[in-house]
Amino acid sequence: MLLLAALVALAWAALWAWAASPYGRYLDHGDWTAEGPVARLCAAIPAGTLVVPAALAGLAWLLMIAAMMLPTALPLFDAFDRLAAGRPDRPRLLLLLGLGYVAAWAGFGVAAHALHGLLLGTVDGIPLLARHAWLIGAATIAGAGAFQFSRLKHLCLDRCRTPLSFVIEHWRGRQQARQAFVLGARHGLFCVGCCWALMLLMFVVGAGSLGWMLLLAALMAIEKNLPWGRRLSAPLGFALLAWAALLVALRA
């Protein structure tokens, strides 16, 4: 578990260094192809305007997952670590569990990046929408607030809040390497189902904002791991809905 904590700390340090560097705009989904060394790299390789931004976005997303979501999954790793105690391949199984968990979130990241690119292209192509682009942010915030009250949210949250039961239910002890990866991926899918709407808020407030990353990571960790965390869902939903309504009122 110390290794996992070190990985999380390293991810936060890397995000902080990236955000504070001259290349921080790449973390915040800036214009990767406009100027600078990344623009030159895009021009130097085949399909660079697609490949390089996608690679940067993928790296940023993986760092965000390691920093924000792995801490919320610590009870899962602890439960699996106890189950695999005494096994000579325990470190490898824990690694595969983590890779499966990250793979689930990486899949969501690909979909979110594609949706983000589609929205940017749509906004650029429709002048009326470009003048009211703030509506997309308000709708995302309102959607995240409404999702806090959904049945899917609470079904996934309940699975995330009982990691020991989840491990016992899905661990069969055969083909251990494959099962460890699949176990992590399954739990990751429930975690995505629980937290995807909150993670989309990073596209609204700025993917490079470490303050918002810390706040959202803390809220998701509390909701998933603390005994009273489930009671946070409704107040958080009301707060997000009120925020969206305030944005609309200020623009009206």
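Q: Which element gives the most to the lining of the second largest pocket?
A: Rolling a probe the size of a water molecule over the atoms shows where empty space is left. In this predicted model, the element that contributes most to the lining of the second largest pocket is α6, with 6 residues.

Q: Which other elements give two or more residues to the lining of the second largest pocket, and which residues lie nearest its centre?
A: The second largest pocket is lined by 17 residues, and those nearest its centre are I136, G137, T140, F203 and V204. Alongside α6, the elements that give two or more residues to this lining are α8 (134-147), α11 (176-205) and α13 (233-251).

Q: What volume does the second largest pocket have, and how is its lining divided by class?
A: The volume of the second largest pocket is about 420 Å³, and its lining comprises 13 nonpolar, 3 polar and 1 charged residues.

Q: How many residues line the largest pocket, and how much space lies in it?
A: The largest pocket holds about 560 Å³ of space and is lined by 22 residues, with L3, L4, L7, L70 and L95 lying nearest its centre. Two or more lining residues come from each of α1 (2-20), α4 (48-69), α5 (74-83) and α6 (90-125), and α6 provides the largest share, 7 residues.

Q: How many nonpolar, polar and charged residues are in the lining of the largest pocket?
A: Sorted by class, the lining of the largest pocket has 19 nonpolar residues, together with 1 polar and 2 charged ones.

Notes:
Residues are numbered from 1 along each chain as its sequence is written. This is a predicted model: local features need pLDDT of at least 70, side-chain atom pairs count only at pLDDT 80 or more; totals for chains, interfaces and linings use all residues. Side-chain values use heavy atoms; hydrogens and water are left out. On a 1 Å grid over the protein atoms alone, a cavity is a set of points where a 1.4 Å probe fits but cannot get out, and a pocket is an open set with protein on both sides within 12 Å along at least five of seven lines; lining residues have an atom within 4 Å of a point. Grid points are joined across faces, edges and corners, and a volume is the space filled by probe spheres set on the points. Helices (H or I, at least four residues) and strands (E, at least two) are DSSP runs, numbered from the N terminus. Ala, Val, Leu, Ile, Met, Phe, Trp, Tyr, Cys and Pro count as nonpolar, Asp, Glu, Lys and Arg as charged, and the others, Gly among them, as polar.
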